Amino acid sequence: MYPVTHAVIAGGVVWAAQRLAGRPRAALDLRFAALGALAPDAIDKPLHILLASIFTDGHTVGHTLLFSLALVSAGTVLALRGDPRLLAFGLGSLTHPLVDPVLVYPGTLFWPLFGFGFPDVRGIPGWYLRGADVALVLAVIVGWNR
């Protein structure tokens with residue numbers, strides 16, 4: 001888990017999406033996006049520790065698109081009523097797979113379309129993940145400075 005990387009990527013993606021959409025800067029609170037990016041790990045890591053016989057890996061329910069899209073859907077409804085916090089949170093959680101190994105495991109990312117089990121995603125080398133994290137953080141920093 002790389003909390004700073006997740007938070008920076010979420011803030012950068014939500015900020016860039018707002019800019020591309022022509023929205024005012026304060027439309028979505030980037031703090032909620034950063035918190036949302038941490039939600040998948042905050043859910044799945046305790047599940048793995050407490051229920052290791054059921055959840056054999058720390059990348060399960062919270063790391064699925066279903067989880068994030070449910071948050072975005074509910075957040076969209078609330079945003080239309082004037083409260084965009086859950087939308088920012090959901091968009092942040094949607095960015096989480098960008099820096100996690102579940103991106104290459106469709107069984108987790110698109111759960112439950114390929115069955116109800118979760119694959120073990122510990123097989124990606126750490127150097128690859130750290131390199132991808134550094135590249136994404138640098139891209140966000142460059143984007144913010146422009």
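Guide: The questions that follow set individual values against the definitions behind them.

Guide: This is a predicted model, in which local features need pLDDT of at least 70, side-chain atom pairs count only at pLDDT 80 or more, and totals for chains, interfaces and linings use all residues. Residues are numbered from 1 along each chain as its sequence is written, and side-chain values use heavy atoms, with hydrogens and water left out.

Visitor: How many helices and strands are there in the protein chain?

Guide: The protein chain has six helices and zero strands. Helices (H or I, at least four residues) and strands (E, at least two) are DSSP runs, numbered from the N terminus.

Visitor: Why is His6 called buried?

Guide: Buried means under 20% relative accessible area, exposed over 50%, and partly exposed in between (1.4 Å probe, protein chains only). His6 has a relative accessible area of 1%, and is therefore buried. This residue lies in helix H1. Not counting residues up to four places away in sequence, His6 touches Ala37, Leu38, Asp41, His96, Val99 and Asp100; contact here means heavy atoms within 4.5 Å.

Visitor: What is the span of H1 from its first C-alpha to its last, and what was expected?

Guide: H1 has 19 residues and reaches 27 Å, close to the 27 Å expected at 1.5 Å a residue. The expected span is 1.5 Å times one less than the number of residues.

Visitor: What makes Asp41 and Lys45 a salt bridge?

Guide: A salt bridge is a side-chain nitrogen of Lys or Arg within 4 Å of a carboxyl oxygen of Asp or Glu. For Asp41 and Lys45 the N to O distance is 3.7 Å, so the pair meets that definition. Because they are four residues apart in helix H2, about one helical turn separates Asp41 and Lys45. Asp41 counts as buried because its relative accessibility is 2%, whereas Lys45, at 22%, counts as partly exposed.

Visitor: Is Gly58 buried or exposed, and how do you know?

Guide: Gly58 has 5% relative accessibility and therefore counts as buried. Its place is in the loop between H2 and H3. Leaving aside neighbours within four places in sequence, Gly58 is in contact with Asp44, Lys45, His48 and His63.

Visitor: Which residues form the largest nonpolar core, and what makes it a core?

Guide: The six residues are Val14, Leu28, Ala33, Val72, Leu87 and Ala88. A nonpolar core is a set of buried Ala, Val, Leu, Ile, Met, Phe, Trp, Tyr and Cys residues joined through side-chain atoms within 4.5 Å. Among the residues that Leu28 touches are Val14, Leu87 and Ala88. In soluble globular proteins, nonpolar side chains tend to be buried together.

Visitor: What covers the buried residues of H4?

Guide: The cover includes helix H1 (3-21), H2 and H3. Leu87 and Ala88 are among the buried residues of H4.

Visitor: Why is Leu51 called partly exposed?

Guide: Leu51 has 35% relative accessibility, so this residue counts as partly exposed. Leu51 is placed in the loop between helix H2 (30-50) and helix H3 (65-80).
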